[in-house]
Amino acid sequence: YHPTWYTAGPTLHHAILPLVESHPDVLQRAPLRFVRSIGAPMPQALMEQLERALHAPVLEGYGMTEAGAISSNTPLWRKPGSAGRSTGSEIGILSESGELLPVGCEGEIVVRGEAVMQSYRGNPEANRSAFHEGWLRTGDLGRLDADGFLFVTGRIKEIINRGGEKMLPGEVENALTAHPAVEEAVAFGVPHPTLGEDVMAVVVLKPGAVATESELRRFAGTRIADFKLPRRIVFESVIPKSPTGKPVRANLAALLAPKLNSISGVAAAATEVERRLAGIWQKILQLEDIGVRDDFFQLGGNSLAFTLLMTEIESEFGMDDQAEFVSDPTIETLARIVARSPDKQREKSPCVALWPRGSRIPFFCIPGADENPYYFLDLAKRLGEDQPFFAVRDPRPLQDRGVYTLEEHAARLCAVIRSRRPEGPYIVGGHCYGGILAFEVARQMERAGQPVELLVLFEVPTPGYPKIVRHWKKYLRQAGVMAFSNTGKQTWEHVRSHSAVWKELLRRKVQAHTRRALVSAGMQDVVAPIERIELRNQRAGRAYRPGNLSCKVVHFLAADESHDTLILDDPRLGWREKASGFSTCEVPGIADGIFRPPYVTELALQLRARLDRINAPAR
C-alpha cells in the first residue's frame, strides 16, 4: 500500500520499533514522511529511537473524545516534547481559582470552539464539573509557550503530593527511561503514614539487561531532585495497561501491594559502624527493627529528620557528605561513605554540597549563628536540578577560634568559597547572622577584584539598627497622635512593641557592663566560656558596621514576621543605605519557617527567577 505516515499510541510505537530495526528493507521500499503519536505522552527516549529507526519525524498530537483533535505538530512546525499548535479550537490554561493563566504558566488545559461538545446528555452533575464559563475542562495539566505550542505535563488526578511537594509522574518516568537498561517505567503515588503520599515506580528492563534498584535510583538522582526519587522500584516483565495503551496508575498500588509492602532489606547490621548508625536511626525515627538496606524516607524520615540524622552522623563520625545518601538512603550507603574516610576527619567540612550538580553559577549560602547547614536542604533541592548549592561555614569548633571579628570570620569563608570556585562570578547569600557574614564576604570579594553577581539575604537585621536616638522627635509627635486617635489597646501595643526594642538595647548595655566588671575583677575565666560558645557569632555580628557594596542585593523577608515600622526603622531594611542595588521580596512564613515546607516552595520559586536572570545567556 506504500503508506506515507501512520498514527499510534506510545505502546504500539514501542512494539513497532524492534520490527522496524529488524526489517530495514521495508523502509527502503516505502519510506515514511512522518509518524503521529497520540493517546499518551511519548517518552523522549522512545521518540529519539523511533526517529533514528524510521528516518522520519515523530509528531505528537493531543485530543479527546469530547473535542476531537485539539493540537498537533506538523513536519514544518514542530517542537519535540510538545503536543503542537491548535488544530482549530481555542486553547487556554486555567488556574485552580478559575482564572486564565498567561504564557508559560502551568494549569488545567481547557478548550472551546465549534468542535467541542456542548454537554453530556442526561448528566447535569458531569456538566457542572466539566465546564467553566464556556470552556471544557480536560482534566489534563499543561502550559502554552510564546509560539502557541501546547505542552501536556500530566493528569490532575495523577499528581503525587509527597509531604506537600507536588510532582508529575512523567518527570520521574523520563528520568528512569533515560537509563540504557530500562525499557519502560511508570511512577505512581502510594499512601504514606507521615508524608501523606510517596513515590513508587515499576520498571520493565530491556531483554538481557541488568540493573538494580539502587543503581536506578542513583542514576535518576542525577536528573531529578531527590524528593522526586521513587522510594521503591519494582521490576516487572510487563506493565498493566488499559485498552487504549495507558498505564493503569490507579490500580498499580493495589496490584503491586505484596512487593511494595515487603521490607527492602532485612539484613541486620554486620559491623560496628552499621550498628552505631542503626542506633542513630532508631533514636531519630523512633523505630526498633531497622535493616541496613531499609530506606530512610520510606521508614518515615522527612526533611527535619534528615537534618537531625546528618547532624548526629557529623558529630559521631566527623563525616557530612550526604549527596550519595540522598540517592540511596540506607545504612549500608552511610557505612560505605564512612569506610572511605578511615581517618574519620574530625574537622567538619567547610563547604557542604547540599546540591552539587549543575552547570550554573553555584550559590554559596551561609547559615545562621548555630552554623547548621542542613536546614537549607529543602531550598537547595527546589531551586532546580541544574543549580549547584553549597552551605559554607567555619569548620573549627567555637572554642578553638579565639576572639575574632566578623571581618576575620568572613575572610576565612572567602577562602573556603574560592577553594571551591577560584574565580568569579559569584552568588553568595546568608540567613540572619550568616547574612551579615555574606555581606562582608561580598565586599571582600569585590575588593579582591572578583565579580559578585548577586547577594541574597534571608531575614537579616542590619547591625546598628534600629537607630532609636534619631527618632526622638517622631516618638513625641506620634505619641500625641496615638493619644487622641487610637484606642488604649492600640496605644499599648505600640508602646509594648517599642519597649521590647529598648529592653533588648538595655540588655546589651548591661551585658557589656557586666563583662567589663568581671574582666576588671580578674574573672576572665567566667567570661571566656560564654563568649566562646554562646555569644561569639552574635557578638561579632553586633560589633560589625558594614561598608558600601556595589553588587545587586535582594532581601527575602518573611511576610508573617511582625516588624513595627510606625516609628522605628525596620532593622532588615537598613541594608538599602549600604547597597545601591538593594531590593526586597516578601515570601509567606515566619522567620526561619520560610526554609521549610510549605513556604519554602514559594521562596525557591522567587529565588529561582532571580538566578535565571543571572544565568541567562548574554544577547
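Biologist: Is His-55 buried or exposed?

Modeller: Relative accessible area decides this: under 20% is buried, over 50% is exposed, and values in between are partly exposed, with a 1.4 Å probe and protein chains only. His-55 has a relative accessible area of 69%, so this residue is exposed. The structure is a predicted model, in which local features need pLDDT of at least 70 and side-chain atom pairs count only at pLDDT 80 or more, while totals for chains, interfaces and linings use all residues. Residues are numbered from 1 along each chain as its sequence is written, and side-chain values use heavy atoms, with hydrogens and water left out.

Biologist: What is the phi of His-55, and where is this residue found?

Modeller: His-55 has a positive phi of about 55°, although this residue is not a glycine. His-55 is found in the loop between α3 (44–54) and β3 (58–64). Helices (H or I, at least four residues) and strands (E, at least two) are DSSP runs, numbered from the N terminus. Glu-459 also has a positive phi, near 50°, and is a residue other than glycine. Glu-459 lies in the loop between β20 (452–458) and α16 (472–485). With a relative accessibility of 9%, Glu-459 counts as buried.

Biologist: What is the average pLDDT of the chain, and where is confidence lowest?

Modeller: pLDDT is the predictor's confidence in each residue, from 0 to 100. The chain averages 80, and 80% of the residues score at least 70. Confidence is lowest in helix α17 (residues 488–520), with a mean of 50, and highest in strand β17 (residues 363–366), at 97. Over residues 501–511 the pLDDT stays under 50, and the model has 11 contacts beyond four places in sequence for this stretch. Contact means heavy atoms within 4.5 Å. Residues 517–534 have a pLDDT below 50 too, with 17 contacts in the model beyond near neighbours in sequence.

Biologist: How many helices and strands does the chain have?

Modeller: The chain has 19 helices and 22 strands. Of its 619 residues, 46% are buried. Among contacts with a separation of 6 or more, 69% are between residues 24 or more positions apart.

Biologist: Which residues of β17 lie on one side and which on the other?

Modeller: In a regular strand the side chains alternate between the two faces of the sheet. In β17, Phe-363 and Cys-365 are on one side and Phe-364 and Ile-366 on the other; all are buried, and both faces are covered. Two strands pair if DSSP finds at least two bridges between them. β17 pairs with strand β18 (residues 389–392) in the parallel sense over 3 bridges, and with strand β19 (residues 426–431), again parallel, over 4 bridges. Phe-363 stands opposite Phe-389 in β18 and opposite Ile-427 in β19.

Biologist: Which residues touch the most other members of the largest nonpolar core?

Modeller: In soluble globular proteins, nonpolar side chains tend to be buried together. A nonpolar core is a set of buried Ala, Val, Leu, Ile, Met, Phe, Trp, Tyr and Cys residues joined through side-chain atoms within 4.5 Å. The largest one has 72 residues, of which Leu-379, Phe-389 and Phe-458 touch the most other members. Apart from this core lies another, of 35 residues, including Cys-351 and Phe-390. Leaving aside neighbours within four places in sequence, the contacts of Phe-389 include Trp-355, Phe-363, Cys-365 and Leu-379.

Biologist: How many disulfides does the count give?

Modeller: A disulfide is a covalent bond between the sulfur atoms of two cysteines. The rule requires a pair of cysteine sulfur atoms within 2.5 Å, and the count comes to 0. Cys-351 is buried, with a relative accessible area of 11%, and Cys-585 counts as buried at 8%.

Biologist: In what order do the strands of the open sheet stand?

Modeller: The 5 strands follow the order β1-β2-β3-β4-β5, with mixed pairing. β1 (5–8) and β5 (85–86) stand at the edges because each has a single partner strand, so one side of each is left without a neighbour in the sheet. β1 and strand β2 (residues 34–37) run parallel and are joined by 4 bridges, with Tyr-6 opposite Val-35 in β2.

Biologist: Which residues does a cis peptide bond join?

Modeller: The cis peptide bond joins Gly-424 and Pro-425, with omega about 5°. Pro-425 lies in the loop between α14 and β19.
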